[in-house]
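Here's a quick tour of ring contacts and strand pairing, written for someone who likes to check geometry by eye. Have your viewer ready.

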Amino acid sequence: MESTHEEAVTATPPSEPFFSMLDFVLLGVLLIGAGWWLLKNKKKEPPAAVKSYSIQPTAVNTMTMAENSFIKKLKSSGRSLVVFYGSQTGTAEEFAGRLAKEGMKYRMKGMVADPEECDMEELLQLKDIPNSLAVFCLATYGEGDPTDNAMEFYEWITNGDVDLTGLNYAVFGLGNKTYEHYNKVAIYVDKRLEELGATRVFELGLGDDDANIEDDFITWKDKFWPTVCDFYGIESTGEDVMMRQYRLLEQPDVAPDRIYTGEVARLHSLVNQRPPFDAKNPYLAPIKVNRELHKSGDRSCMHVEFDLEGSKMRYEAGDHLAVYPVNDSDLVERLAKLCGANLDTVFSLINLDTDSSKKNPFPCPTTYRSALTHYLEITALPRTHIIKELAEYCSDEKDKEFLKTMSSTTPEGKAQYQSWIQDACRNIVHILEDIPSCRPPIDHICELLPRLQPRYYSISSSSKLHPTTVHITAVLVQYKTPTGRLNKGVATTFLAMKHPENGLPPPRVPIFIRKSQFRLPTKPETPVIMIGPGTGFAPFRGFIQERDLLRKEGKEIGETILYFGCRKRAEDYIYEEELEEYSKNGSVNLRLAFSRDQPHKVYVTHLLEQDSDLVWNLIGEKKGHLYICGDAKNMATDVRNILLNIIKTKGNMSENEAQQYIKKMETQKRYSADVWS
């Protein structure tokens with residue numbers, strides 16, 4: 001294009017001037033106008049907080065698809081530390097960011113990277129960068145699976161046979177001991193990287209979300225850094241550098257149609273809806289039905305139906321529905337008041353790292369009201385790094401020391417954090433209410449808090465019966481804390497207010513479908529055993545609907561047994577009329593346990609033990625499928641142990657043989673669990 005342009009200029013007749021008098025007049029008018037606009041729109045820099053914060057470019061960098069060469073990024077910005085994360089809920093990403101940020105203290109400039117957006121084969125080149133280190137913060141998800149964004153990397157190191165000699169690495173895993181495949185992904189990646197020739201700089205760290213994953217992480221990283229220093233022959237600067245990652249820009253003159261009001265990614269995506277719909281482009285689904293399932297008692301369970309007509313969204317029984325909730329307006333107002341903020345201020349948080357591809361922590365520009373309502377997890381219990389930064393804003397020295405101690409790794413600090421934050425269930429609002437001398441600026445709160453995540457629900461319908469609607473079953477979460485406050489579940493509180501009314505447009509909620517491996521057998525004549533007390537029944541409602549439909553079509557249906565339990569038949573037996581009708585028609589064999597309807601408590605596990613002959617007949621002799629849905633910590637563990645005992649006694653197997661039998665069932669997809677803790 002340059003040569004063409006030069007030719008065009010050369011072709012201009014020399015006698016003709018480049019600019020006429022009119023051109024000069026127009027240019028002058030434009031310059032005067034531009035000068036006036038700049039003066040009018042010049043912003044005053046926000047006053048620096050009188051705290052020990054350094055507003056300077058941070059060395060942390062987050063990559064996006066725009067440039068997937070993390071090696072190029074490391075070299076161009078003088079970095080040697082890259083922290084990859086495999087995250088489903090945002091915790092692993094948060095831990096990765098904290099590690100990368102702390103690298104500054106140890107003279108290792110860090111970068112956070114999403115493996116899905118990187119060419120991971122570049123790990124082979126990392127050894128060319130002096131003192132380089134790759135850290136992997138990896139969560140285990142589902143039935144021992146990698147998270148969506150780490151799936152490709154996991155498959156690459158599993159199936160590939162690359163030589164990673166010279167790669168220095170460390171792994172921290174995020175899991176939950178109530179699940180059978182505890183930290184399976186991190187354990188495998190740590191072992192596999194070593195098998196491929198890489199050098200483990202520090203031992204594998206395992207975080208347990210059922211206990212105190214924050215404590216696990218800080219305990220691990222406080223031993224990790226000294227080992228890294230020894231390995232590379234470097235020293236800590238000894239300073240805790242409090243460094244802001246984003247700067248505040250208030251934008252009062254931004255046109256209203258350029259302001260984000262809750263969109264996940266694309267501006268106006270909730271108004272101008274375009275399929276396909278997914279996590280970054282949710283469908284704003286009308287709610288057709290929202291009815292109470294409990295007949296009495298002080299608890300509430302909702303049956304909610306979302307209209308999918310025209311969305312082109314498809315689902316199968318066993319899939320999950322993700323709901324993007326909003327925070328309670330009362331909590332939002334209280335937090336703004338505590339920080340002295342005007343909720344209608346339009347602002348952007350802009351990354352101080354000019355090399356970073358992640359320009360903002362959430363969609364900007366937006367208002368504080370939208371940020372606190374749609375983008376930030378304000379009900380989450382703040383982790384210690386947030387407590388540590390809050391301490392800087394205490395005007396009372398005693399309060400400052402209290403928060404600093406609580407954020408430390410000392411036994412006293414850990415005990416304080418456990419009792420004052422975790423046991424007392426204090427969120428950011430409660431902390432600021434209980435420590436009146438702590439008054440952080442609202443923009444720093446917006447920087448510190450994690451992103452508000454979608455909530456997932458097992459779908460409780462079959463698309464074969466309900467092709468244009470999707471149903472969920474959800475218990476309203478509310479509980480009193482030790483401080484006397486009433487804490488409410490974000491999503492269920494949000495859904496509880498969404499009731500369609502005659503004559504009015506239906507309320508709408510942003511949703512998307514997440515596919516699952518929780519599936520009925522492909523052959524309808526295969527027997528199935530479903531164990532789902534309480535709302536654990538949700539996916540089985542879809543399974544039963546599907547089998548009932550096939551039975552009505554004249555197909556042969558295998559034995560379909562449901563173990564369902566609740567407190568009282570007259571109180572919380574959800575979908576009673578439906579289930580009794582299916583039972584009467586022969587579509588399901590009901591095994592019911594009402595724990596409080598008799599002097600001694602009876603649970604579904606008791607019924608399973610009584611039915612040991614039936615269970616073995618279906619899974620051992622007829623090769624049926626067994627499904628569990630519900631509480632992972634107690635119920636699912638108990639069911640597995642009972643099943644193990646049935647296989648041993650009825651199948652005449654040793655303990656080890658019975659364990660192998662269950663593992664084989666899992667491999668064959670004959671043993672499936674959809675559980676939560």
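## Stacked rings

Keep in mind that this is a predicted model. A search through the whole structure turns up 32 aromatic pairs. Take F362 and Y375: their ring centres are 5.7 Å apart and the planes meet at 15°, so this pair counts as stacked. F362 sits in the loop between strand 12 (346–351) and strand 13 (366–367), while Y375 belongs to helix 9 (residues 368–375), so the pair ties together parts that are 13 residues apart in sequence. Both partners are tucked away: F362 is buried at a relative accessible area of 3%, and Y375 is buried at 1%.

Another stacked pair is F518 with F543, at 5.7 Å centre to centre and 25° between the planes. This one links distant parts of the chain, 25 residues apart: F518 is in the loop between strand 18 (508–514) and strand 19 (528–531), and F543 is in helix 16 (residues 538–552). F518 and F543 are both buried, too.

## A cluster of rings

Pairs can also chain up. F95, Y106, F172, F202, F217, W220, F224 and W225 are joined into a cluster by ring pairs.

## Around helix 9

Back to the helix that carries Y375. Helix 9 is mostly covered, with six of its eight residues buried. Those six are Y368, S370, A371, L372, T373 and Y375.

What do the buried residues of helix 9 pack against? Their partners are strand 8 (246–250), helix 8 (329–338), strand 12, strand 13 and helix 14 (442–448).

## Charges over rings

The charged end of R426 sits over the ring of W420, 3.9 Å from the ring centre. R514 places its charged end over the ring of Y456, 3.6 Å from the centre.

Six of them make up an open sheet in the order 14-11-18-9-10-15, with antiparallel pairing. At the edges are strand 14 (455–458) and strand 15 (469–475), each pairing on one side only. On average, neighbouring strands here are turned by 40° against each other, direction ignored.

Inside that order, strand 9 (residues 283–292) and strand 18 pair in the antiparallel sense over four bridges.

Definitions and conventions
Residues are numbered from 1 along each chain as its sequence is written. This is a predicted model: local features need pLDDT of at least 70, side-chain atom pairs count only at pLDDT 80 or more; totals for chains, interfaces and linings use all residues. Side-chain values use heavy atoms; hydrogens and water are left out. Rings of Phe, Tyr and Trp (its six-membered ring) pair if their centres lie within 6.5 Å; planes under 30 degrees apart count as stacked, over 60 as edge-to-face and the rest as tilted. Helices (H or I, at least four residues) and strands (E, at least two) are DSSP runs, numbered from the N terminus. Buried means under 20% relative accessible area, exposed over 50%, partly exposed in between (1.4 Å probe, protein chains only). A charge sits over a ring if NZ of Lys or CZ of Arg is within 6 Å of the ring centre and within 35 degrees of the ring normal. Contact means heavy atoms within 4.5 Å. Two strands pair if DSSP finds at least two bridges between them. Axes are lines fitted to C-alpha atoms, for helices over the stretch in contact, and angles run from 0 to 180 degrees between N-to-C directions.
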